Amino acid sequence: MPAFSPRATAVRPVPAPPALQLPVVERDFTRRLHNYWPKLQVKSKLWLQEKRLMAPAAAEALADELRYTDLVAGYYLGASDAMLGAIADFSSWFFAWDDRHDRDIAHARTASWHTLCADLHAALREPEAHLHHEEPLVAAFADCLIRMGEPMPPTWRSRFARHMRPVIDAYDQEFRNRLSRTVPTVAEYLLLRRLTFAHDIWLDLLEAVAGAELPAVVREDAAYRTAGLACQDFAAWYNDLCSLPKEIAGDELHNLGISLIRHEGMELAEAVSVVREKVAGRVTAFLAAEKELHALADSLADGGGAEGARTRDILLSCADNMRNWFPSVYWFHHESGRYRVEQWEDPACPPYLQDGAPARTTPARHPAAPARALDAREAGDAV
């Protein structure tokens, strides 16, 4: 039971497609939304417009259906309204940045992309100096950095920046891979994915939600690292599983399933099955580590005085919100319009993209899979 359940609302989710169902998540992980969610949805939509990340008409037409705020409102129970709002906006920024990354690749806008990366690094060093940057993604990024970091000590802010730098660089690595038509091996992809999904960033934000840093010895404890890595790998790999039809249709190269097809010689259906097994394995790993985390929390409180009790509460908040990632990610992928490729007029060009058209009028043959595996509807049947 989450430590902050009084500030959460139980949700009855929509059914998951049979081929994507994970019974252990549906059975053992209760989905809840932060009570601030209805206001968050409205405010985040306005923020997207004010920061010019979405045109007003697009925000009104698409933001609710994309359900970005549902995702974050299910991650971080116990957050203050202000912190939840900052994280939700950061999450929306991340989706917008990911879309820009895709469009710059599709149109080979190398100079534009490199300038953006440099400006994001600069904003990470001095966010206050970039609040009014002419590039909307840079200004919005700076805004989120300030709001998320304001209540936290300098040590946390420095750690967050240290973790964000390689995320920007990993996106640049993916940019170069896709322009050169390079499909990473499975091992290479798993390492890159932990950066492009920003595992350490979302784990840092667990502490921001709890309102205090954990001691380094607790953060570095094997159970904490295992549980944190498991919840983030689950989120990243389940995203790969659900977005595979969309990414094949869009001539994407970076997906665990695509790496398995390209480098392990798997057929599409076999790759889907392997990814699903890997995803389920991360649930099992988390459940085992979670028991150890609760034992660690109890040991901190025993004889630790007021400081031990405080650390125990922070740790339990972080552990409970790691748990919340599983149902929130799981149900989001079945509710968000971001992955409904079968409903799009052009599977290669999702309707939420801002530049209006794919770069190619005829999709290129995907180097990762045989030609018969490229049809988005076939991929959808496989998953």
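This is a predicted model: local features need pLDDT of at least 70, side-chain atom pairs count only at pLDDT 80 or more; totals for chains, interfaces and linings use all residues.
Helices are DSSP runs of H or I with at least four residues, and strands are runs of E with at least two, numbered from the N terminus. Arginine 159 and aspartate 204 are both buried, that is, under 20% relative accessible area, with exposed meaning over 50% and partly exposed in between (1.4 Å probe, protein chains only).

## Helix α15 and its link to α14

Arginine 312 and aspartate 298 also form a salt bridge, their closest N and O atoms lying 3.7 Å apart. Arginine 312 belongs to helix α15 and aspartate 298 to helix α14 (residues 268-301), so the contact ties together parts 14 residues apart in sequence. Arginine 312 is partly exposed at 25% relative accessibility, and aspartate 298 is partly exposed at 39%. Of the 31 residues of α15, 24 are buried.

## Overall chain

The protein chain has 16 helices and two strands. Buried residues account for 57% of its 383 residues.

## Basis of the values

Residues are numbered from 1 along each chain as its sequence is written, and side-chain values use heavy atoms, without hydrogens or water. Local features need pLDDT of at least 70 and side-chain atom pairs 80 or more, whereas totals for chains, interfaces and linings use all residues.

Technical notes
A salt bridge is a side-chain nitrogen of Lys or Arg within 4 Å of a carboxyl oxygen of Asp or Glu.
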